Amino acid sequence: MVITMMVMLVLDSGMWALDGKQFPFSRGINYIVSTAYYFLNVFIPFIWLLYTLVALNMDSFTVGKYKGLIFVPLVINTILIVANLFTYSIFSISEQNQYARGEGFFVPVLLAFFYLLWATAIALKRAVKAGTRFERKKCISIMAFMILPVLAGIVQSFFYGVSLIWICAVLSLLMIFVNFQNIQRTTRRKLPF
């Protein structure tokens with residue numbers, strides 16, 4: 001997930017660096033970078049859901065129960081991103097190499113939020129049933145992950161030009177890592193990383 005977030009930060013910067021620039025193949029490169037960005041926009045929350053299942057030591061029966069459903073939003077997003085190359089419903093790149101959001105811009109955003117909410121719901125359910133303080137703290141840390149990215153995502157969705165979501169996601173991941181390290185230090189238990 002850390003490597004994927006690093007790639008996402010590079011893509012995010014690349015989109016801004018390419019926007020409006022004119023050089024050979026600039027528009028094609030901009031389409032590639034933007035398409036990869038929109039794919040990872042849903043892929044990272046997908047990875048977070050998988051991580052949540054592993055970090056909370058979900059048994060194989062529970063994970064198997066979700067197995068088919070887990071991939072549905074990711075597949076929908078992938079189809080939409082490929083279709084966007086012909087329909088420009090999510091985003092388009094003008095002849096002047098300028099990025100513009102399409103009418104379907106919110107669909108990948110909603111799919112990403114769906115994964116984050118799903119992971120949070122699993123952690124909340126597990127926190128309520130937690131038998132130990134250690135388990136409850138771990139669940140609360142996982143639930144807290146989505147706070148900063150969701151707030152930044154809301155701001156970013158409504159105010160074009162503000163790019164906060166992935167920086168906030170990295171900060172949330174760092175806070176969870178530090179929190180898990182503190183839990184591990186105080187409980188002397190091995191955590192899943």
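Student: By class, how many nonpolar, polar and charged residues are in the lining of the largest cavity?

Tutor: This is a predicted model, and a search of the whole structure finds one cavity of 30 Å³ or more. That cavity is lined by 30 residues, with Tyr-37, Asn-41, Gln-156, Ile-165 and Trp-166 closest to its centre. Sorted by class, the lining has 21 nonpolar, six polar and three charged residues.

Student: Which element supplies the largest share of the lining of the largest cavity?

Tutor: The space in this cavity comes to about 400 Å³. Elements that each give at least two residues to the lining are α1, α2, β2, α5 (106-129), α7 (147-158) and α8. The largest share is six residues, and the element that supplies them is α2.

Student: What space lies in the largest pocket?

Tutor: The pocket has a lining of 10 residues, and Met-1, Val-2, Leu-173, Leu-174 and Phe-177 are the ones nearest its centre. By class, the lining has 10 nonpolar residues, no polar ones and no charged ones. The space in the pocket is about 210 Å³.

Student: Which helix gives the most to the lining of the largest pocket?

Tutor: Two elements, α2 (26-55) and α8 (165-187), each supply at least two of the lining residues. The one that gives the most supplies five residues, and that helix is α8.

Student: In what pattern do the helices and strands follow along the sequence?

Tutor: The protein has eight helices and two strands. Its C-alpha trace spans about 60 × 30 × 25 Å along the principal axes. Read along the sequence, the pattern is α-α-α-α-β-β-α-α-α-α.

Student: Which element has the lowest mean pLDDT?

Tutor: Over the protein the mean pLDDT is 85, and 91% of the residues reach 70 or more. Where pLDDT is low, predicted coordinates should not be read in detail. Among the elements, helix α4 (residues 72-87) has the highest mean, 95, while the lowest, 70, belongs to helix α3 (residues 60-70).

Student: How far apart are the end C-alpha atoms of helix α1?

Tutor: Helix α1 (residues 2-18) has 17 residues. At 1.5 Å a residue, the helix should span 24 Å. The model agrees with this, because the end C-alpha atoms are separated by 24 Å.

Student: Is Thr-4 buried or exposed?

Tutor: Thr-4 sits in helix α1, and its C-alpha atom is 19 Å from that of Asn-30, 26 residues away along the chain. The relative accessible area of Thr-4 is 15%, and the cut-off for buried is under 20%, so Thr-4 is buried.

Student: Which residue of helix α2 has its C-alpha atom 9.1 Å from that of Ile-93?

Tutor: The residue in question and Ile-93 are 59 residues apart along the chain.

Student: What is the phi of Tyr-88?

Tutor: Tyr-88 lies in the loop between α4 and β1 (91-93), and at 40% relative accessibility Tyr-88 is partly exposed. Most residues other than glycine have a negative phi. Tyr-88 is not a glycine, yet its phi is positive, about 55°.

Student: Is Asn-97 buried or exposed?

Tutor: Asn-97 is placed in the loop between β1 and β2 (99-101). Phi of Asn-97 is positive, near 65°, although the residue is other than glycine. With a relative accessible area of 1%, which is under the 20% cut-off, Asn-97 is buried.

Student: How many disulfides does the count give?

Tutor: A disulfide is a covalent bond between the sulfur atoms of two cysteines. Cys-139 is buried at 0% relative accessibility, and Cys-168 is buried at 14%. To be counted, a pair of cysteine sulfur atoms must lie within 2.5 Å, and the number of disulfides is zero.

Student: What share of the residues in the protein is buried?

Tutor: Helix α1 gives some examples, with Met-5, Met-8 and Leu-11 among its buried residues. The protein has 193 residues, and the buried share is 45%.

Notes:
Residues numbered from 1 in each chain as written. Predicted model: local features only at pLDDT ≥ 70, side-chain atom pairs only at ≥ 80, totals over all residues. Heavy atoms only, no water. 1 Å grid on protein atoms, 1.4 Å probe; cavity = no way out; pocket = protein on both sides within 12 Å on 5 of 7 lines; lining within 4 Å. Points joined across faces, edges and corners; volume = space filled by probe spheres on them. Helix = DSSP H or I, 4+ residues; strand = E, 2+ residues; numbered from the N terminus. Nonpolar A, V, L, I, M, F, W, Y, C, P; charged D, E, K, R; others polar. Buried < 20%, exposed > 50% of the residue type's maximum accessible area, 1.4 Å probe, protein only. pLDDT = per-residue confidence, 0-100. Expected span 1.5 Å × (residues − 1).
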